[in-house]
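Please examine the sequence and the model shown below.

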Amino acid sequence: MFKKYHILKWTLITVVSLIVLFLSFAIWFMSLLPKEDTGLETTSIEDLTYLSENIIPVRGKILAVVTSTDTMGNSGKSTGYELI
């Protein structure tokens with residue numbers, strides 16, 4: 001009879017522990033979600049000058065060649081990178 005209550009006690013402790021763990025996880029996860037803010041304004045294209053004026057910025061050009069080998073073909077020259 002003692003063994004029956006012993007198993008019942010540990011089963012109850014396990015179930016209650018799992019419920020507490022689940023509720024703790026749910027509360028933690030809900031705290032990660034952003035608060036609902038109805039005061040946000042939407043932005044239109046006219047508000048963003050870099051989109052509405054069609055100005056193309058001057059940019060330099062870069063060519064990057066990447067390889068997984070350590071030599072170039074049969075020449076024996078080692079690969080790597082070089083800035084010119």
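The model is predicted. The chain contains two helices and zero strands. Of its 84 residues, 0% count as buried.

Helix α1 spans residues 2–32. A nonpolar surface patch of about 650 Å² is formed by F25, W28, F29, M30, L32 and L33.

Aromatic contacts come next. A pair of aromatic rings is described by the distance of the centres and the angle of the planes. The whole structure holds two aromatic pairs. One of them joins F25 and W28, with 5.7 Å from centre to centre and 40° between the planes, a tilted arrangement. These two residues are three apart in helix α1, so about one helical turn separates them. F25 is partly exposed, at a relative accessible area of 48%, and W28 is likewise partly exposed at 48%.

The rings of F25 and F29 have centres 6.2 Å apart; their planes meet at 20°, so this pair is stacked, since the angle is under 30 degrees. F25 and F29 are four residues apart in helix α1, about one turn of the helix. F29 has a relative accessibility of 41% and therefore counts as partly exposed. Through these ring pairs, F25, W28 and F29 are linked into a cluster.

Methods: Residues numbered from 1 in each chain as written. Predicted model: local features only at pLDDT ≥ 70, side-chain atom pairs only at ≥ 80, totals over all residues. Heavy atoms only, no water. Patch = residues over 30% accessible without salt bridge, like charges linked within 9 Å, V, L, I, M, F, W, Y side chains within 5 Å. Areas by Shrake-Rupley, 256 points an atom, 1.4 Å probe, with all protein chains shown as cover. Salt bridge = Lys/Arg side-chain N within 4 Å of Asp/Glu carboxyl O. Buried < 20%, exposed > 50% of the residue type's maximum accessible area, 1.4 Å probe, protein only. Phe/Tyr/Trp six-rings, centres within 6.5 Å; stacked < 30°, edge-to-face > 60°.
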